[in-house]
Amino acid sequence: MAPCVVLAVLGAWWTVAGLWPADDVTLSEAVATRNNAEALRLIRLGTNPNEPFRVRAGLLTSDYEVTVTPVEAAVGAQRADALRMLLANGATIDGNEMRVLRCYEEVRRDSGVRELLGESRAPDCDGVRLPVDRAAR
Amino acid sequence: MRRAGLAMLSTAMKPRAVAWLLSVLITLPLADSVFRIPIQVSDSLEAIVISTEYPTTSRLLADSIRFSPTTFRPMRFLQTRWLLAAAMSAGLTYNAMFRGVHVLLLVLLVVLFVLAVRVRGQTDLVAFAVALPILIGIHTFVAMLQEAFPVNHYAEVGVCVLAVLVLAQRPPRWFFAPLICLLLALALSVIESGAMVWVMVICCAAAGLRGITRTTVATTTALLAGYFVLRHALDIASPGIGGHGSGFGATFYSSEELAQRFGAHPLGLIAYNVAGGLASLLLSEPRQGVYSLAIAWRDGVVHPILAINLVSSLVTTALLVWYGIRHLRAGRASWSDRDRVFVAASGVMAVNAVLTAAYIKDEIISPGGLCYAVAAFIACAALLETLPRRALAASVAIAALLTLDAALWTFRAAGVQYVLRYAAFKTRNDWVEVLREDKRTDWPQDPRELAVTQRIRDEAIVRRVASPSFMPRWADRWWVE
């Protein structure tokens, strides 16, 4: 009986304490974790999709947290769908940012993202600091 | 004398109460996880939109019987319409209404299972503690919870099938026949698998369960015959090979590929599918027609979930075979009530596999999965009863094997939570692709359709769910296939 009783006790605990509650994430974290719906909810609540936000370690980088814009997070997470959603909901990319993003895409290659960023030529990335470089921000 | 009777009643009540308690504690968080899954885009939205388009229910009914050349599912649209209206009048969100109904179906499945197995003493309680995780952990059960259309028809059929099994074990009453006819009519009007209700009636009657009388057999058979006549009159054909994608060996084929490969000579595939449907129930392999074992052999990698599913199912199925050989060979006349339930459940499993002739899908064999858990309870209780008569070493070995089996099934049952949370995350994200800001030209032109779509989308986006990125990383390998 023991396994079933353990499951029942866990069930009681999960009911009271809640199993895997929704995490509080920043807009960039939502994008980095493929959580487009949460990203859209945050934008609807007034979060600026052009502001940089903290992304905890382990999501875009292995062992340190970074502060990146949602668009940068979408490129880093190789999520063309997220990038498209952000652009359709107020995110903008200026010329300088575009170059950074295209260089970032060279490291985190994704054909869908590349297509959305336009231009098929390889960018000149000399001297460009990527958003997830430790000293980038 | 009276005191002895009360003591016996108390002895029986305690294990039964513990069984109910276990069921409640395990079902509560499951219900929470089911409720968190938003209404789906695929399969659900279309039915909801259609249901709102009609000015009257009778017009919807009249048209719904001709929506598809291969399906007859009028209740799919009618119940959707009624639930939308109920949500409006009760001031509930659509999500709360549809997900609430799904939770209700889950609760009914568990309640009917507890009623069907009838825990009577300590030994039964131990067997129940093995069988309940089997009920929840078997892959056909989660298939009834993950998706909805927007009400899960397979869960509705499962409820009806178990309800018949519960009634069949009771002394016959005048209202059983009309009630079972009603259950059959409801099941047949939501999905073709509803025929499993009739199969359960026939299997219970053949096994000699007293609650099913000749009247019930005759009326349900007449009802089923009427259903086929109606389908014929409406020119509704059965889906053949190529109506749906399905696997063969280590590969999943799309419906077109299947038709191209097997359409001219379908008998081999039909035999493969029926055998695969039964094997899926008994061994948890194949899934959707694809043998993960074949993939593991080809790639040289065995995922933990495959080993857990196979071992747990193998041990349980061996238990069922042992029970069948040990208890049924004496002949029908000498069968106990439990033997008869076992025979009925086994019969339903075997016939259910036939329904996978055109393609294999976990949902199709879900009534068989419910019966598998019922049969496992009976076999487990019988094996436990033999322990005092066995040598100590044999008893210890059997107890260890059952504990291992129970542990593996419990692990599978715990994984259902993860699978459901994953489904909630995926379903919520699917809504981002609906009514996209950058594709306003694709939005529905009809204001009513747009309003309904917008409302359900907004409800889904607002409902926060856990992201798999913040759930245990190991869970994918151990719980997701």
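Me: Why does Ser284(B) count as buried?
Reply: This is a predicted model, so every value here is computed from it. Ser284(B) has a relative accessibility of 2%. Buried means under 20%. The value of 2% falls under that cut-off, so Ser284(B) counts as buried.

Me: Where is Ser284(B), and what is its phi?
Reply: Ser284(B) sits in the loop between α13 and α14 of chain B. Its phi is positive, about 65°, although Ser284(B) is not a glycine.

Me: What kind of peptide bond joins Glu285(B) and Pro286(B)?
Reply: A cis bond, with omega about 0°. Pro286(B) is in the loop between α13 (267-283) and α14 (292-299) of chain B.

Me: How do you know that the bond from Phe149(B) to Pro150(B) is cis?
Reply: Look at omega: for this bond it is near 0°. Pro150(B) is in the loop between α7 (139-146) and α8 (153-168) of chain B.

Me: Why is Gln78(A) called partly exposed?
Reply: Its relative accessibility is 28%. Buried is under 20% and exposed is over 50%, with partly exposed in between. The value of 28% falls in between, so Gln78(A) is partly exposed. Gln78(A) lies in the loop between α4 (70-76) and α5 (80-88) of chain A. Gln78(A) also has a positive phi of about 55° and is not a glycine.

Me: What makes the contact of Asp458(B) and Arg44(A) a salt bridge?
Reply: The N to O distance is 3.0 Å. The cut-off is within 4 Å, between a side-chain nitrogen of Lys or Arg and a carboxyl oxygen of Asp or Glu. The distance of 3.0 Å meets that cut-off, so the pair is a salt bridge.

Me: Why does this pair join two chains?
Reply: Asp458(B) lies in helix α19 of chain B and Arg44(A) in helix α3 (residues 36-44) of chain A, so the bridge joins two chains. Asp458(B) is partly exposed, at 30% relative accessible area. Arg44(A) is partly exposed too, at 42%.

Me: How do you know that Glu65(A) and Arg54(A) form a salt bridge?
Reply: Their side chains meet at 3.3 Å, N to O. That is within 4 Å, so the pair passes the test. The pair links distant parts of the chain, 11 residues apart: Glu65(A) in the loop between β1 (53-55) and β2 (66-68) of chain A, and Arg54(A) in strand β1. Glu65(A) counts as partly exposed at 45% relative accessibility, and Arg54(A) does so at 37%.

Me: Which residue forms a salt bridge with Glu105(A)?
Reply: Arg114(A), with the closest N and O atoms 3.3 Å apart. Glu105(A) is buried, with a relative accessible area of 2%. Arg114(A) is partly exposed, at 29%.

Me: What is the nearest side chain of opposite charge to Asp110(A), and how far away is it?
Reply: Arg114(A), 7.2 Å away. Asp110(A) is buried yet has no salt bridge. Asp110(A) is found in the loop between α6 (95-107) and α7 (111-117) of chain A. A polar atom of its side chain lies 3.0 Å from the backbone nitrogen of Gly112(A).

Me: Why is Arg329(B) called exposed?
Reply: Its relative accessible area is 65%. Exposed means over 50%, so Arg329(B) qualifies. Arg329(B) is found in the loop between α15 (304-328) and α16 (337-354) of chain B.

Me: Which residues gather in a patch of positive charge on the surface?
Reply: Arg326(B), Arg329(B), Arg389(B) and Arg390(B).

Me: How do you know that Val9(A) is exposed?
Reply: Its relative accessible area is 53%. The cut-off is over 50%, so Val9(A) counts as exposed. Val9(A) lies in helix α1 (residues 2-17) of chain A. Together with Met1(A), Val5(A) and Val18(B), Val9(A) makes a nonpolar surface patch of about 280 Å².

Technical notes
Residues are numbered from 1 along each chain as its sequence is written. Chains are lettered from A and ligands numbered from 1 in the order in which they are written. This is a predicted model: local features need pLDDT of at least 70, side-chain atom pairs count only at pLDDT 80 or more; totals for chains, interfaces and linings use all residues. Side-chain values use heavy atoms; hydrogens and water are left out. Patches are made of residues with over 30% relative accessible area and no salt bridge: like charges are joined within 9 Å, nonpolar side chains (Val, Leu, Ile, Met, Phe, Trp, Tyr) within 5 Å. Accessible areas come from the Shrake-Rupley method with a 1.4 Å probe; for residues, only the protein chains shown count as cover. Lys and Arg count as positive and Asp and Glu as negative; His and the chain ends are not counted. The place of a charge is taken as NZ of Lys, CZ of Arg, CG of Asp or CD of Glu. Helices (H or I, at least four residues) and strands (E, at least two) are DSSP runs, numbered from the N terminus. Buried means under 20% relative accessible area, exposed over 50%, partly exposed in between (1.4 Å probe, protein chains only). A polar contact is a pair of N or O atoms within 3.5 Å; within protein, one must be able to donate a hydrogen and the other to accept it, and residues adjacent in sequence count only if both atoms are side-chain atoms.
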